[in-house]
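Good morning, colleagues. Please turn to the sequence and the structure on the screen, and I shall take you through them.

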Amino acid sequence: MRKNNNGYVAITTVLVVGAVLLTVGVALTINSINEAQISLAETKKEAALALVESCVQDGLLRINKSNSLPATITLPQGTCNVTINSHIGNAWIFSVSGVFGGFKKNIQVSASRTSTIGITNWQEM
């Protein structure tokens with residue numbers, strides 16, 4: 001007598017294919033979430049850098065206009081801390097740091113103020 005195993009083979013095949021598809025689906029979902037998190041982090045890093053660059057530019061305008069620089073610069077995007085590293089005559093070296101979305105960026109600038117402001121060094125730290 002011969003037994004009919006077609007039902008068992010079909011169920012086993014469906015279960016194995018289903019498990020493989022489920023594993024691939026979960027892996028793709030996790031990969032997509034990871035890529036989205038990386039993309040969001042990059043966007044926040046760029047926004048933090050844009051904030052600090054805007055604060056530096058505002059600081060340069062203040063130096064050019066009034067030959068002074070405040071300890072903090074507040075813009076609509078956020079607030080930056082300013083540290084004057086050196087101010088001898090017309091030569092300024094200052095650092096600006098700011099945080100946006102949990103990401104901190106720092107820029108150090110060397111500038112000289114004559115009839116206009118000239119940037120001699122702009123470096124992201």
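Let me begin with a term: a residue is called buried under 20% relative accessible area, exposed over 50%, and partly exposed in between, with a 1.4 Å probe and protein chains only. By that scale Asn 67 is partly exposed, because its relative accessible area is 27%.

A word on the origin of the model. It is a predicted model, in which local features need pLDDT of at least 70 and side-chain atom pairs count only at pLDDT 80 or more, while totals for chains, interfaces and linings use all residues. Residues are numbered from 1 along each chain as its sequence is written, and side-chain values use heavy atoms, with hydrogens and water left out.

I turn to the overall fold. Helices (H or I, at least four residues) and strands (E, at least two) are DSSP runs, numbered from the N terminus. The chain has one helix and five strands, and their order from the N terminus is α-β-β-β-β-β. The radius of gyration is 29 Å, well over the 14 Å that the globule rule gives for 125 residues, so the chain is more spread out than a compact globule. That radius is taken over C-alpha atoms, and the globule rule is 2.2 Å times the number of residues to the power 0.38. Along the principal axes, the C-alpha atoms fill a box of roughly 105 × 25 × 20 Å.

How many of the 125 residues count as buried? The share is 22%. The accessible surface of the chain is about 8500 Å², and carbon and sulfur atoms hold 59% of that area. Such areas come from the Shrake-Rupley method with a 1.4 Å probe; for residues, only the protein chains shown count as cover.

Next, contacts, meaning heavy atoms within 4.5 Å. Among contacts in the chain with a separation of 6 or more, 37% are between residues 24 or more positions apart.

Now to the disulfide. A disulfide is a covalent bond between the sulfur atoms of two cysteines. Here the criterion is a pair of cysteine sulfur atoms within 2.5 Å. The structure holds one disulfide, which joins Cys 55 to Cys 80 with an S to S distance of 2.2 Å. This pair links distant parts of the chain, 25 residues apart: Cys 55 belongs to helix H1 (residues 6–66), and Cys 80 to strand S2 (residues 78–88). The link of Cys 55 and Cys 80 is right-handed, with 75° about the S-S bond. Are these cysteines buried or exposed? Cys 55 counts as buried because its relative accessibility is 0%, and Cys 80 is likewise buried, with a relative accessible area of 0%.

One of the partners of Cys 80 is Ser 97, which also touches Val 52, Asn 81, Lys 104, Lys 105 and Asn 106, not counting residues up to four places away in sequence. Ser 97 is placed in strand S3 (residues 91–100), and it counts as buried because its relative accessible area is 15%.

Let us return to the loop between H1 and strand S1 (72–75), where Asn 67 lies. Most residues other than glycine have a negative phi, and most peptide bonds are trans. Asn 67, however, has a positive phi, near 55°. Ala 71 lies in the loop between H1 and S1 as well, and is exposed, with a relative accessible area of 55%. Which residues does Ala 71 touch, not counting those up to four places away in sequence? They are Cys 80, Asn 81 and Val 82. Between Ala 71 and Asn 31, 40 residues apart in sequence, the C-alpha to C-alpha distance is 43 Å.

Val 82 lies in strand S2 and is buried, at a relative accessible area of 10%. Beyond four places in sequence, Val 82 touches Leu 69, Pro 70, Ala 71, Ile 73, Phe 94, Ser 95 and Val 96. From Val 82 to Leu 15 is 67 residues in sequence and 63 Å in space, C-alpha to C-alpha.

I finish with Thr 120, in strand S5 (residues 117–124). Thr 120 counts as exposed because its relative accessibility is 59%. Leaving aside neighbours within four places in sequence, Thr 120 is in contact with Ser 110 and Ala 111. Thr 120 and Leu 75 are 45 residues apart in sequence, and their C-alpha atoms are 24 Å apart.
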